[in-house]
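Subject: The structure we talked about

Hi there,

Here is the structure I promised to pass on. Please open it next to this message and follow along as you read.

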Amino acid sequence: MSKCEGGKDAGSVVLERPLRLWSVIIDSVRCGGGVQRPNRKNAEAKKQPGSDKLSELLKQPEWWENEEEVRRKEQVLEGLKKVAKKLQQKEGSMEVILEGAAEVRTLTKDDPEARTTLALLGVIPPLVALLDAIDPTFHSQIAALYALLNLAITNDANKAAIVKAGAVHKMLKLIQSPNNQAIAEAVVANFLGLSALDSNKPIIGSSGAIPFLVETLKDADGSVSGQAKQDSLRALYNLSISPSNVRAMVETDLIPHLFTKLGDMDASERILSILSNIVSVAEGRKRISSVADAFPILIDVLNWTDSPECQEKASYILMVMAHKSYGDRQAMIEAGIVSSLLELTLLGSLLSQKRASRMLECLRVEKGKQATTNYTSTCNGGTATVSAPLSTTTTITTASSEDDEMMSEEKKAVKQLVQQSLNNNMKRMVKRANLPHHDFVPSDRFKSLTSSSTSKSLPF
């Protein structure tokens, strides 16, 4: 329980006004106390109950404000109070309530102070309750969704309050109603904003929102707008940051779908960011390795010299998987990762070079262990033929010469592979060096993937 005396332990709320004023406001709301303005009588201050006390506190001038600024602030506050009353009336008409929701949406679009003040005036609970309104036209729900969306912009306290009021489950209930694309896209936008807060990520992820976002991203019937698909991808990235949400993602077909869209150069960096979060969980790594051509696709990304961010993320995914699984290391070698890593150590960014070197070391140790195992098995097979003490010297000499010949063949094979890899790298680098920058394009595998893509992603 918070203490009311002095307001020292009344709790903290992240707001966008000076700390002194807002700490006093919180004390007043929670403890029912009041604060006198410098030039007002005590008797007049005692007559201010409830919201009137909050109004007086909000009107308190700061030291830098002149009378005109104070008067303007009072007018703004009175207008916000009228908007809040429209939403809070219990027996008012739906037209008035919708008018209040529309005004909240407009006022909070570009005004951080309005978001904070309206939340303090209590507009979030009635807006969340409006999501349950019986309205066959869905006008009420859409008005509430966009008002809540704007209230949450750059305001973590409001994000937490909206989720705490039960908005997530009400939003999911809305999308189960007859198909309404406007409702679905507004819900996606809200999930994007709310999922930016770390404490909201597990709540949204466990609510059943992930399958809805995946279906929106896939857009099987082609009815989803490009903006909604990008909002879904960004929301899934936010949710993937929480390891507890990876299991829910693995249970969908999100990961295979991401690989099919990895050739879309506008969305590739965000897709790789999601996979970088998923690969940190064992279930995620297992699902990635089960996708057909997952390693060839990721290895091809290592050659995107005009996109160092994608190279860094792809090399991270491959590095983690190579470190965790022997089977994945073997699959990477078979897919031809060594030559791409050698090239990356020469042409990649500093971070990519470091990761490529670590992977090459890991693969070198792995091949060394494998060669030692094969050599020991061969030697054991050769010494088993010794049968007579009288021919010990001859047998040992023969086995030794056979071992030397075998090792010589192994060395020859290794040298041949290294030389072939270096020749291929040199040809590729010479070819790239002689081409203009705009001629650098992904492989044919990715050309076929980008032909049907319409994604237009935005930066994180």
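Helices here are DSSP runs of H or I with at least four residues, numbered from the N terminus. With that in mind, D219 is found in the loop between helix 13 and helix 14. Please remember that this is a predicted model.

Let's stay with D219 for a moment. Is D219 buried or exposed? Buried means under 20% relative accessible area, and D219 has 11%, so it is buried.

F138 is not a glycine, yet its phi is positive, at about 65°. Its relative accessibility is 14%, so F138 counts as buried.

Next, helix 13 itself. Seven of its ten residues are buried, so helix 13 is largely enclosed by the rest of the structure. Which residues of helix 13 are buried? They are A209, I210, F212, L213, V214, T216 and L217. Among the elements that cover them are helix 10, helix 11, helix 12, helix 14 (226-240), helix 15 (246-250) and helix 16 (254-260).

Helix 11 (residues 181-194) packs against helix 13 (residues 209-218) at an angle of about 120°, and their axes are 11 Å apart. Angles of 65 to 115 degrees count as roughly perpendicular and those over 145 as roughly antiparallel; helix 11 and helix 13 are therefore oblique to each other. Their crossing is left-handed. On the helix 11 side, the contact is made by A184, V187, V188 and F191, and on the helix 13 side by A209, F212, L213 and T216. Sorted by class, this contact of helix 11 with helix 13 has seven nonpolar residues, one polar residue and no charged ones.

Now compare that with another pair. Helix 17 (residues 268-278) and helix 20 (residues 308-324) have axes that come within 9 Å and cross at roughly 25°. Angles under 35 degrees count as roughly parallel, and helix 17 and helix 20 are therefore roughly parallel to each other. Helix 17 passes helix 20 in a left-handed crossing. The residues in contact are S268, E269, L272, S273, L275 and S276 of helix 17, with E309, C310, K313, A314, Y316 and I317 of helix 20. How many nonpolar, polar and charged residues does the contact of helix 17 with helix 20 have? It has six nonpolar, three polar and three charged residues.

Last stop: helix 9. An α-helix has 3.6 residues a turn, so residues three or four places apart point the same way. In helix 9 (residues 156-164), the buried residues are N158, K159, I162 and V163. They cover an arc of only 135° around the axis, which puts them on the same side of helix 9. What covers these buried residues includes helix 6 (112-120), helix 7 (124-130), helix 8 (139-151), helix 10 (167-175), helix 11 and helix 12 (201-205).

K164 also lies in helix 9, but K164 is exposed, with a relative accessible area of 78%. From C-alpha to C-alpha, K164 and P125 are 9.7 Å apart in space, while 39 residues apart in sequence.

Happy exploring, and do write back with questions!

Best wishes

Conventions
Residues are numbered from 1 along each chain as its sequence is written. This is a predicted model: local features need pLDDT of at least 70, side-chain atom pairs count only at pLDDT 80 or more; totals for chains, interfaces and linings use all residues. Side-chain values use heavy atoms; hydrogens and water are left out. Axes are lines fitted to C-alpha atoms, for helices over the stretch in contact, and angles run from 0 to 180 degrees between N-to-C directions. Helices (H or I, at least four residues) and strands (E, at least two) are DSSP runs, numbered from the N terminus. A crossing is left-handed if the near helix is turned anticlockwise from the far one by less than a right angle, and right-handed if clockwise. Contact means heavy atoms within 4.5 Å. Ala, Val, Leu, Ile, Met, Phe, Trp, Tyr, Cys and Pro count as nonpolar, Asp, Glu, Lys and Arg as charged, and the others, Gly among them, as polar. Buried means under 20% relative accessible area, exposed over 50%, partly exposed in between (1.4 Å probe, protein chains only). The arc is that of the directions from the helix axis to the C-beta atoms.
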